[in-house]
Amino acid sequence: MSRLGENLFKTLEEPLQLVELIQSCLRGNREAQKILYKSFYGYAMSICIRYALTREEAKEIVNDGFMKVFTRLVSRDEQVPFKPWLRKVMINTAIDHYRKHSKHYNHKEINETLAWIPSQQVDVIGDISYEELIKMIQQLPPAYRAVFNLYVIDGYTHEEVAEQLDISVGASKSNLFKARENLKAVLKKINVKRYA
């Protein structure tokens, strides 16, 4: 890595350095693209992993997303900060991936058998790690997972979710309800296993 690359990587938090890095990417500088990719890979992965079934699928979405980033940097509105713009590109790439593969997914439901709940309620959510929560979301059927992520985590309205996924508003609401019910069932099972 060149001295310029090392300096840009070390001070990427400074807006001027990020602007310079983006300008280098626009000029087709492969080293600058590599630095930008490495600098924002973790952030992009944290978005895409929620939409993917596996970590490998999430990596594929991230890589597709960065391809879009590098081809669309030239048309990016500079009034929009880079990180929110990147987030939108990654979400849209994840949705494109969902649309492309939705006909191939197996749409079987998670077993929703309700488990016995101890009379003494325990705060399960507080005991769950981020990784466990992501795994729970990944267990959702793809249609439920997409709606849950867009609505609950990314803050889209049901109308926006319906438009993104090419479904009705009613289907968006129904899928969100089913996603929440599935997650509740999983949480109840975790509660029983941990505190039985």
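Helices here are DSSP runs of H or I with at least four residues, numbered from the N terminus. With that in hand, the predicted model can be read along its sequence as the pattern α-α-α-α-α-α-α-α-α. In other words, the protein has nine helices and zero strands. Of its 196 residues, 42% count as buried. Among contacts between residues at least 6 apart in sequence, 69% join residues at least 24 apart.

The largest nonpolar core holds 50 residues, and Phe66, Val69, Phe82, Met90, Leu150 and Leu165 have the most contacts inside it. At least two residues of this core come from each of helix 2 (15–26), helix 3 (30–51), helix 4 (55–72), helix 5 (82–101), helix 6 (130–139), helix 7 (142–153), helix 8 (158–165) and helix 9 (169–195). Helix 3 gives the most, with ten residues.

On the helix 3 side, the residues in contact are Leu36, Phe40, Tyr43, Ala44, Ile47, Cys48, Arg50 and Tyr51. They meet Phe82, Lys83, Leu86, Arg87, Met90, Ile91, Ala94 and Ile95 of helix 5. Sorted by class, this contact has 13 nonpolar, no polar and three charged residues.

Note on methods: Residues numbered from 1 in each chain as written. Predicted model: local features only at pLDDT ≥ 70, side-chain atom pairs only at ≥ 80, totals over all residues. Heavy atoms only, no water. Core = buried A, V, L, I, M, F, W, Y, C linked by side-chain atoms within 4.5 Å. Buried < 20%, exposed > 50% of the residue type's maximum accessible area, 1.4 Å probe, protein only. Contact = heavy atoms within 4.5 Å. Nonpolar A, V, L, I, M, F, W, Y, C, P; charged D, E, K, R; others polar.
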